[in-house]
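Please look over the sequence and the three-dimensional structure shown below. The paragraphs that follow lead through its features one at a time.

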Amino acid sequence: MLKENHDLKGALESYIALLEEKEFFEAHEVLEEAWHPLRKANHPLKNLLKGLINGAISFEHLKRERNDAKRKAESVMKSFDRHKHLCMRGIVHYELFEKACSKIEDLRK
């Protein structure tokens, strides 16, 4: 059964905090629960959320240092790159989305 979270603001806040703690898998999980209702409703922010989810999981690949981790991380990060432009003024919780996107970019450096 898919877990769903309809508290997008709370999920974004948790996601950012988890990224700061380098808990990338957990960040991915918390945002994925908020993504499911948006995906089902075909909400315009579903792809931005999916990009952030994949941004977090790309760092988890690197953290686990498994075979081919760098290639996997780069492949998954492409989703973030494809959708980050959807973070624009006027969207709901813009400040949190902006902070989340900035955190992913900072981690890339």
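A residue is called buried when its relative accessible area is under 20%, exposed when that area is over 50%, and partly exposed in between, the area being taken with a 1.4 Å probe on protein chains only. Glu13, with a relative accessible area of 38%, is therefore partly exposed. The model is a predicted one, in which local features need pLDDT of at least 70 and side-chain atom pairs count only at pLDDT 80 or more, while totals for chains, interfaces and linings use all residues. Residues are numbered from 1 along each chain as its sequence is written, and side-chain values use heavy atoms, with hydrogens and water left out.

Where in the chain does Glu13 lie? Its place is in helix H1; helices here are DSSP runs of H or I with at least four residues, strands are runs of E with at least two, and both are numbered from the N terminus. Glu13 forms a salt bridge with Lys9, and the closest N and O atoms are 3.3 Å apart. The term salt bridge requires a side-chain nitrogen of Lys or Arg within 4 Å of a carboxyl oxygen of Asp or Glu. Because Glu13 and Lys9 are 4 residues apart in helix H1, about one helical turn separates them. Lys9 has a relative accessible area of 40% and is therefore partly exposed.

The structure holds 11 salt bridges. One of them joins Asp81 and Lys84, with the closest N and O atoms 3.5 Å apart. Asp81 is partly exposed at 32% relative accessibility, and Lys84 is partly exposed with a relative accessible area of 31%. These two residues also belong to a network of salt bridges that links Asp81, Lys84, Glu105 and Arg108. In another salt bridge, the side chains of Lys109 and Asp106 meet at 3.9 Å, N to O. Is Lys109 buried or exposed? With a relative accessible area of 79%, Lys109 is exposed, whereas Asp106, at 46%, counts as partly exposed.

The interior comes next. In soluble globular proteins, nonpolar side chains tend to be buried together. A nonpolar core is a set of buried Ala, Val, Leu, Ile, Met, Phe, Trp, Tyr and Cys residues joined through side-chain atoms within 4.5 Å. The largest such core has 32 residues, of which Tyr15, Leu19, Leu31, Leu49, Leu52, Phe97 and Ile104 touch the most other members. Two or more residues of this core come from each of helix H1 (8-20), H2, H3, helix H4 (69-83) and helix H5 (94-108). For Ile104, leaving aside neighbours within four places in sequence, the residues in contact (heavy atoms within 4.5 Å) are Tyr15, Leu19, Leu52, Gly55, Ala56, Phe59, Met77 and Phe80.

Met77 and Phe80 lead on to H4, where Ala69, Ala73, Val76, Met77, Ser79, Phe80 and His83 are buried. H3 and H5 are among the elements that cover these buried residues of H4. The expected span of a helix is 1.5 Å times one less than its number of residues. The 15 residues of H4 should therefore span 21 Å, and the end C-alpha atoms are 22 Å apart, which agrees. Just after H3, Glu65 takes a positive phi of about 50°.

Rings of Phe, Tyr and Trp (its six-membered ring) pair if their centres lie within 6.5 Å; planes under 30 degrees apart count as stacked, over 60 as edge-to-face and the rest as tilted. The structure holds 1 aromatic pair. The ring centres of Phe24 and Phe59 are 5.5 Å apart and their planes stand at 40°, so this pair is tilted. Phe24 in helix H2 (residues 24-40) and Phe59 in helix H3 (residues 46-64) are 35 residues apart, and the pair thus links distant parts of the chain. Phe24 counts as buried at 6% relative accessibility, and Phe59 is buried with a relative accessible area of 9%.
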